[in-house]
Amino acid sequence: NRNPWGLMRSFREVTGSLDDCACDVETIDTFNNEQLFPKLQKLLESDYFRFYKVNLNKPCPFWKDNSLCGQKNCAVIPCTPYSAEANQECEKAEKLGAVNSSLSEETRQSLREWSKHDDEAERFCVIDDEESPDSQYVDLLLNPERFTGYKGPEAWQIWNSIYEENCFKPYTVKRPLNPMSAYSGNLPDLLPGQCVEKRAFFRLVSGLHSSINIHLSARFLLDDNWYEKKWGHNVSEFQQRFDAQLTNGEGPKRLRNLYFLYLIELRALAKILPVLQRPSFQLYTGQSVQDQQLKLQLIELLQVAKSFPLHFDETTLFAGNKEEAATLKEDFRLTFRNISRIMDCVGCFKCRLWGKLQTQGLGTVLKILFSERQIEALPKSSNSRPTFQLSRQELVSLLNAFGRISTSIRELENFRSLLSMVR
């Protein structure tokens, strides 16, 4: 049933300049795929950036979890054996969505040492659980973001809550509650009457949603038998989310919001360069030589990010009346904090892991962009307390969250190639 023409039309509509910024899609594609993506992937494979501390056991603060064991989207939720058939489905789901948190004792000791060197910093917007006794380090390379079978009403409730309760949009725009509805994607962007700040916030959420959908489509479970699982690109799955016809014209808008999110996160990487260039800033790995090599590798990546010719101008945000700007900025902070809490309602642990990481990463992006004065006021002396700091947890989430967006941009090129082959 696959019709590539609708998708090709969607890709043709995702060209040229982006709304709210002076950049074009083609420039981003070339810059990301040829210059930034390879360096970023190498950095994220290092021990410092591959381990993320997370509490996956926090209860949902908004509603009672009613997950059913016999469905694939139960993921790693403990199962009650309703029947032999249901129990088999649970075992499949656990293998599909289970989080592998196994670490060697040597690695555990290193992580305990790293935590001693975390900077203390005021979080911009994300409720983190680094100090919780239920938190554990997870190896992100052993837990790639991909399709887990988590979908349907439960997954829909998560996004519905994010959009309906947290997104800045006119009350007249409603998201359908029926996940089987023909219209089942991100809400329209560029809504009439929105100020640039509220429109930007909505586009960030929409871009994150689009990025996650691209990952699930690019690493889809294509075959599952007794001796192996085969993951790969599912063009039909991608089509359901981004085809212009199947989404009532919303697919291209979602992809453009992905590019908008890319520009915002790229700008934050460029802005944080002076902080990490300071001699007093160290990436503690327990080995001084490795510390210096990793820092140089990170700075090189940030210098590439800074070299991008058409950065987003964050000064356009909150640039009006000071009192109104302060109120709107606080709304941003509280709204995003609430989104981070919704991640504890995700029923699939692997999905929860990547949801929490990416929301914390985006929260760190906002913290950076809204702290320009503190960054500019960094003391020259290494003995003075810096006016702006990032903890290891924030830095790890920042780089990995951007790694997800960068990967999404790269995967769009792969889907274009696959579609051209179908033609």
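Over the face of which residue does lysine 367 lie? Lysine 367 lies over the face of phenylalanine 388, at 5.4 Å from the ring centre. This is a predicted model. A search of the whole structure finds 11 aromatic pairs. One of them joins tyrosine 163 and phenylalanine 202.

**Charges over rings**
- Tryptophan 231 has arginine 146 over its face. The distance from the ring centre is 3.8 Å.

- The rings of tyrosine 163 and phenylalanine 202 are tilted. Their centres are 6.1 Å apart, and 55 degrees separate the planes. The pair counts as tilted because edge-to-face requires over 60 degrees and stacked requires under 30.
- Tyrosine 163 belongs to helix α6 (residues 153-166), phenylalanine 202 to helix α7 (residues 196-218). The pair therefore ties together parts that are 39 residues apart in sequence.
- Tyrosine 163 is buried, and so is phenylalanine 202.

**Backbone at asparagine 248**
- Asparagine 248 has a phi near 55 degrees. That value is positive, in a residue other than glycine.
- The loop between α8 (235-242) and α9 (251-271) holds asparagine 248.
- Asparagine 248 has 57% relative accessibility. It counts as exposed because the cut-off is over 50%.

Methods
Residues are numbered from 1 along each chain as its sequence is written. This is a predicted model: local features need pLDDT of at least 70, side-chain atom pairs count only at pLDDT 80 or more; totals for chains, interfaces and linings use all residues. Side-chain values use heavy atoms; hydrogens and water are left out. Helices (H or I, at least four residues) and strands (E, at least two) are DSSP runs, numbered from the N terminus. Buried means under 20% relative accessible area, exposed over 50%, partly exposed in between (1.4 Å probe, protein chains only). Rings of Phe, Tyr and Trp (its six-membered ring) pair if their centres lie within 6.5 Å; planes under 30 degrees apart count as stacked, over 60 as edge-to-face and the rest as tilted. A charge sits over a ring if NZ of Lys or CZ of Arg is within 6 Å of the ring centre and within 35 degrees of the ring normal.
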